[in-house]
Amino acid sequence: MKICVLVKEVPDAAVEKRINPSTGRLDRSGEKNLNPFDTHAIEAAMQLKEGGAVQVDEVVAVTMGPETAVRALHKAVSLGADRSLHLTDEALSGSDVNGTGYALAKALASEQPDLVLLGQQSDDGECYTIGAVVADHLQMPSLTQVIKIDVDERSGDEASGRGRWALRCERQAEYGYDTVLVELPAVISVGDAVNEPRYPSLKAIMGAKKKPLDTKGTGDLGIEPGRVGYDNARAHCADFKAPAAKEPGKIIEDEDTTETVEQIVTWLDERKLLV
Amino acid sequence: MSGILVYALHYEGAFNKNSLGAVSEGARLAGELGGECHVLVLGDRAGLPDDLCASLGRYGAAKVFRVEGPEGLAQPVVDAMAKIIADDGLGYALFGGGLLGFEIGAGLTARLDAGVCMEVTSVRVEDGKLVSERPILGDSSVSDVHYRAGVGVIIGRLNAFEVKEGGEGTAAVEDLAVEFAPHSLKATMVSRGEQRGAEVNIEDASILIAGGRGLGKAEGFEALEDLAGALGGAVAATRAVVDAGWYSYSAQIGQTGKTVSPKLYLAAGISGAIQHKVGMMSSENIVAINKDANAPIFEFSDLGIVGDLNKIVPKLTEAVKARKGG
């Protein structure tokens with residue numbers, strides 16, 4: 001079985017995120033971190049590979065983004081992915097959710113994965129949605145915000161190995177926890193409660209740049225240029241403004257806890273919350 | 001292209017509050033555009049009687065399409081909505097906040113090659129088209145999103161759309177047969193709506209003490225229960241700690257949990273992610289204790305304490321007891 005993990009480079013939490021007002025796009029300079037949720041997706045792939053319930057031949061990290069996005073792939077490989085695929089092309093720049101999902105689906109289709117894993121949301125912009133967009137293009141079943149994955153053996157086509165497996169997934173939805181059986185191939189996005197990601201070893205970090213990395217452009221993958229990029233986005237952001245300002249709250253740095261607690265009690269008392 | 005299709009989620013004989021908000025909003029917007037608000041419901045026929053479906057008319061729905069299919073999963077709904085939008089030439093699909101709306105809206109975006117905007121907090125009509133407003137970058141900025149071509153998909157933030165009753169009362173109900181795509185039937189619900197942990201009532205409490213991952217471990221909630229006891233309140237939790245099994249699902253605030261607005265909301269070890277914020281932001285007084293001075297929760301708390309909750313909470317409990325006793 002082949003697992004593809006979608007990863008993404010996002011702004012470092014310490015870097016202030018900005019929108020470039022002239023383009024309406026996120027200023028992506030200063031980015032350097034793998035989306036924290038993606039480390040859970042890689043860990044989920046590694047646990048399936050190491051779990052033994054199903055034979056995983058290969059874990060492939062896939063990303064779309066500028067040249068610098070290679071760093072996210074290196075991180076993914078240092079966490080256990082066997083190789084990576086970098087979709088990069090100036091024509092993709094400024095794609096919206098629709099265009100990004102379409103292009104990623106084309107990249108994934110070239111790999112023919114049995115399972116696509118991704119983090120349930122990214123810290124920088126669009127959340128929750130990419131998995132479902134990709135799944136619809138790939139015509140695969142899909143589930144988001146999954147917090148538990150168990151392999152479930154199914155009857156199916158022995159020869160190809162396709163459709164032989166299903167995943168028993170748990171997630172929290174509007175009315176409590178749901179358990180859903182998803183036949184493979186499928187697209188699953190995981191929540192951060194699904195596992196505790198491992199830390200990469202120094203050796204793995206050093207070796208990451210030596211693992212195979214394919215770089216592909218739109219032409220290599222049959223991506224129609226008219227469906228991607230800023231000019232073809234179906235939705236455009238504009239007119240950025242500050243949100244309705246809320247009066248900044250009082251902040252206490254706790255140095256002497258007895259004094260801090262006195263201040264809290266006084267504050268609560270003034271608002272008649274201690275009656 | 002002036003018609004709007006809304007998905008209404010139902011469970012055990014009632015529609016989801018966020019769906020009713022979306023129907024109300026869809027009806028208002030369709031009225032301004034000069035079209036109608038239609039609603040899709042999907043599930044077991046027995047769980048969707050005529051009167052329940054027709055009751056969506058009270059929120060402004062002109063017509064309700066009832067489709068028989070598997071409940072609680074997104075992809076069959078994508079098939080049904082894509083068919084209706086194509087058949088009837090509708091311009092927009094609208095979803096209330098929640099998990100399924102995100103999944104369905106995203107799938108529909110791909111299927112229809114549509115424009116999508118999620119986490120929408122308000123929608124308005126401009127030059128005969130809808131414009132969505134959404135906060136971005138951790139709510140530090142608000143952006144207008146314009147749909148440039150094709151169908152526009154609007155996925156609301158939790159509680160963004162107010163439920164407004166006041167229509168004539170009944171919507172026309174039309175049964176519709178939909179042929180589901182093969183992949184839409186490859187996910188099957190094994191069990192739905194399982195409640196984990198003890199049943200607790202947090203919605204009626206005027207004081208809530210909420211705990212997050214910063215508690216460090218499940219036992220961290222004991223100190224919060226003591227503080228809640230001293231203040232005469234109840235204990236609530238974030239999704240992260242509920243998913244981790246530290247506290248009851250019925251006490252969960254936010255996106256897939258409860259929405260509360262108590263007199264006092266004291267957040268201990270909670271960073272203040274959007275998914276949590278949307279469930280408690282209308283609380284009258286928000287107090288936050290967090291060791292990370294950069295935690296987003298300090299941006300919307302009325303009183304913020306930067307420090308170690310393990311030191312502060314037990315002392316605060318004692319001080320509250322002493323104050324109340326004296």
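**View 1. The two domains of chain B in the predicted model.** The C-alpha centres of domain 1 of chain B and domain 2 of chain B lie 33 Å apart. Domain 1 of chain B covers residues 4-185. Domain 2 of chain B runs over 207-325.

**View 2. Where domain 1 of chain B meets domain 2 of chain B.** Domain 1 of chain B gives eight residues to the contact. Domain 2 of chain B gives seven residues. On the side of domain 1 of chain B that touches domain 2 of chain B, four residues are polar. Two further residues there are nonpolar, and two are charged.

**View 3. The contact between chain A and chain B.** Chain B brings 76 residues to this contact. Chain A brings 68 residues. On the side of chain B that touches chain A, several elements give two or more residues. Among them are the helices α3 (74-88), α4 (99-112), α6 (239-243) and α8 (309-325) of chain B. The strands β7 (115-120), β10 (141-147), β13 (187-194) and β18 (303-306) of chain B also belong to this set. α4(B) gives the most, with nine residues. By class, this side of chain B has 37 nonpolar, 21 polar and 18 charged residues.

**View 4. Strand pairing between chain A and chain B.** Strand β14 of chain A spans residues 235-241. β14 of chain A pairs with β10(B) in the antiparallel sense. Five bridges join the two strands. Within this pairing, A:Ala238 stands opposite B:Asp144. B:Asp144 lies in β10(B), one of the elements that give two or more residues to the side of chain B that touches chain A.

Note on methods: Residues are numbered from 1 along each chain as its sequence is written. Chains are lettered from A and ligands numbered from 1 in the order in which they are written. This is a predicted model: local features need pLDDT of at least 70, side-chain atom pairs count only at pLDDT 80 or more; totals for chains, interfaces and linings use all residues. Two residues are in contact if their C-beta atoms, placed from the backbone, lie within 7 Å. Helices (H or I, at least four residues) and strands (E, at least two) are DSSP runs, numbered from the N terminus. Ala, Val, Leu, Ile, Met, Phe, Trp, Tyr, Cys and Pro count as nonpolar, Asp, Glu, Lys and Arg as charged, and the others, Gly among them, as polar. Two strands pair if DSSP finds at least two bridges between them. Domain bounds come from an automatic or database domain assignment.
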